[in-house]
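Here is a short report on one model.

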Amino acid sequence: MIKIAITGNIGSGKSTITRIVRGLGFKVFDSDQEAEKAMTKNDLISKISKEFKSKVPGLIKRNRIDKVKLGEFVFSNTKELKKLEQIVHPKIWESKKKFFEINCNELVVFLDIPLLFEKNLQSNYDFIIRTYVSSQVQKERVLKRKNMTQAKLNQIIKTQTINTDIENKFISLDLNTEQDVKILKIKVKNFLEKTLNLKKATD
């Protein structure tokens with residue numbers, strides 16, 4: 001199984017590339033979606049409530065987490081963000097393990113992983129696709145999202161600071177998602193054809 005990671009900062013177009021590869025018939029593990037699902041589970045709601053309820057007024061409503069309030073709190077405090085990650089990430093890893101088991105017969109699978117380099121996970125993948133856009137386009141895209149503010153965006157960007165020199169050693173394909181989707185699709189298809197031929201040659 002060839003494991004290809006899709007990574008990039010917030011608003012850089014990871015979802016666009018994910019849609020393209022899904023459209024080409026490939027299976028994709030979406031870390032953000034899995035985190036969202038995990039936070040609806042009773043055991044995680046209980047753990048998050050225990051850790052953050054006294055710090056975030058109105059955190060739990062009708063046995064559901066107010067993700068906006070929680071997000072605003074943790075993204076303004078690195079230590080608290082790490083505490084949340086320690087609660088949620090094991091669930092994501094569990095889901096990833098199931099994803100590999102279910103798709104064990106697939107030749108290629110993709111994994112959308114926003115904090116790939118920040119968490120030093122790059123060595124776990126055969127190839128890495130990185131998405132990027134200009135800071136202005138990033139800002140325009142992200143501020144259109146519901147409940148997003150400039151202050152929150154600034155805090156998120158701080159958590160996604162990486163060492164570009166380290167990244168560049170591992171990047172297999174760099175994609176500027178300001179380009180037309182048709183062009184991006186062609187680039188992804190060309191990359192996959194080249195990648196699969198490379199893999200066959202080394203098997």
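At the start of α4, a side-chain oxygen of aspartate 66 lies within 3.2 Å of the backbone nitrogen of valine 68. This is a predicted model: local features need pLDDT of at least 70, side-chain atom pairs count only at pLDDT 80 or more, and totals for chains, interfaces and linings use all residues. Residues are numbered from 1 along each chain as its sequence is written, and side-chain values use heavy atoms, with hydrogens and water left out.

Helix α4 spans residues 67-74, and its buried residues (under 20% relative accessible area, 1.4 Å probe, protein chains only) are Leu70, Gly71, Phe73 and Val74. They sit on the same side of α4, because they cover an arc of only 165 degrees around the axis. Their cover includes α3, β4, α5 and α7.

Of its 30 residues, Ile48, Phe52, Leu70 and Val88 touch the most other members. α5 gives the most to this core. A second, separate core includes Val21, Val108, Phe191 and Leu192.

| Item | Value |
|---|---|
| Largest nonpolar core | 30 residues |
| Second, separate core | 18 residues |

The largest pocket has a volume of about 1400 Å³. A pocket is an open set of points on a 1 Å grid where a 1.4 Å probe fits, with protein on both sides within 12 Å along at least five of seven lines; lining residues have an atom within 4 Å of a point. Of the 45 lining residues, the closest to its centre are Asp32, Ala35, Glu36, Phe75 and Pro114. α5 gives the most to this lining, with 8 residues.

How values were computed. Buried means under 20% relative accessible area, exposed over 50%, partly exposed in between (1.4 Å probe, protein chains only). Helices (H or I, at least four residues) and strands (E, at least two) are DSSP runs, numbered from the N terminus. The arc is that of the directions from the helix axis to the C-beta atoms. Contact means heavy atoms within 4.5 Å. A polar contact is a pair of N or O atoms within 3.5 Å; within protein, one must be able to donate a hydrogen and the other to accept it, and residues adjacent in sequence count only if both atoms are side-chain atoms. A nonpolar core is a set of buried Ala, Val, Leu, Ile, Met, Phe, Trp, Tyr and Cys residues joined through side-chain atoms within 4.5 Å. Grid points are joined across faces, edges and corners, and a volume is the space filled by probe spheres set on the points.
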